[in-house]
Amino acid sequence: MAAQASDKGSTANGGLAQRYAAALFELADSKHQLDAVVGDLGAIDKMIDESADFRRLINSPVISRADQGKAITGIVQAAQFGPLTAKFLGLLAQNRRLFALPAMIQAFKKMLADRRGEMTAQVWSARALSAEQQSALAETIKRAHGAKVTMEVKVDPDLIGGLVVKVGSRMIDSSIRTKLQKLQLAMKGVG
């Protein structure tokens, strides 16, 4: 479900997200702040995943431009984001573009991975993966694709068990939830 939501956001706002992400990338690159900005964006991505209030703030058309700006300023100060990220978020609030923030973050991360010759793998698991499990999974993906792998690991308890791994456009779903759904469909066909 989380994978579908992020795919939907990135498709719907693709052009807009690409333009804003490219502008931020070029500016961060020229100021030698790519690592700092991607760190801030990672923290924002985590906020989006974990906070319904934050998602409501960035997605609600009812919240005024001024109120969004004030809220973003408060969040930026509390999270101690760098000045480049702070100005970027302020611009998004001013232009009423916060709704496209998840897609912009993904586009920025993809640009950085491409620059570094890395692949980004999105991983959803039912429980948090240990450092050893993450390392083993990254090594397996690296062997399969022949590139350095950066992983974004998220916990989705609805999976029950197993993993969902997305690398590029390829998705491998070995979750128990999916296996149960397939079994349920097969049983309906038999009965």
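Predicted model: local features only at pLDDT ≥ 70, side-chain atom pairs only at ≥ 80, totals over all residues.
1. On the geometry of α7: the helix runs over residues 101-116, 16 residues in total, and spans 23 Å from first to last C-alpha, close to the 22 Å expected at 1.5 Å a residue. Just after α7 comes Gly-117, with a positive phi of about 70 degrees.

2. Gln-122 sits in strand β1, residues 118-125.

3. Is Gln-122 buried or exposed? Gln-122 counts as buried because its relative accessible area is 11%, and the cut-off for buried is under 20%. Leaving aside residues up to four places away in sequence, Gln-122 touches Gln-106, Glu-152, Val-164, Val-165 and Lys-166.

4. Now to the aromatics: the whole structure holds two aromatic pairs. One of them joins Tyr-20 and Phe-88 edge-to-face, at 6.5 Å centre to centre and with 65 degrees between the planes. Tyr-20 belongs to helix α2 (residues 14-30) and Phe-88 to helix α6 (residues 83-94), so the pair ties together parts 68 residues apart in sequence. Both Tyr-20 and Phe-88 are buried.

5. Finally, a word on confidence. The protein chain has an average pLDDT of 88, and 92% of the residues score at least 70. Residues 1-11 have a pLDDT below 50, and this stretch has nine contacts in the model beyond near neighbours in sequence.

Terms used:
Residues numbered from 1 in each chain as written. Heavy atoms only, no water. Helix = DSSP H or I, 4+ residues; strand = E, 2+ residues; numbered from the N terminus. Buried < 20%, exposed > 50% of the residue type's maximum accessible area, 1.4 Å probe, protein only. Contact = heavy atoms within 4.5 Å. pLDDT = per-residue confidence, 0-100. Expected span 1.5 Å × (residues − 1). Phe/Tyr/Trp six-rings, centres within 6.5 Å; stacked < 30°, edge-to-face > 60°.
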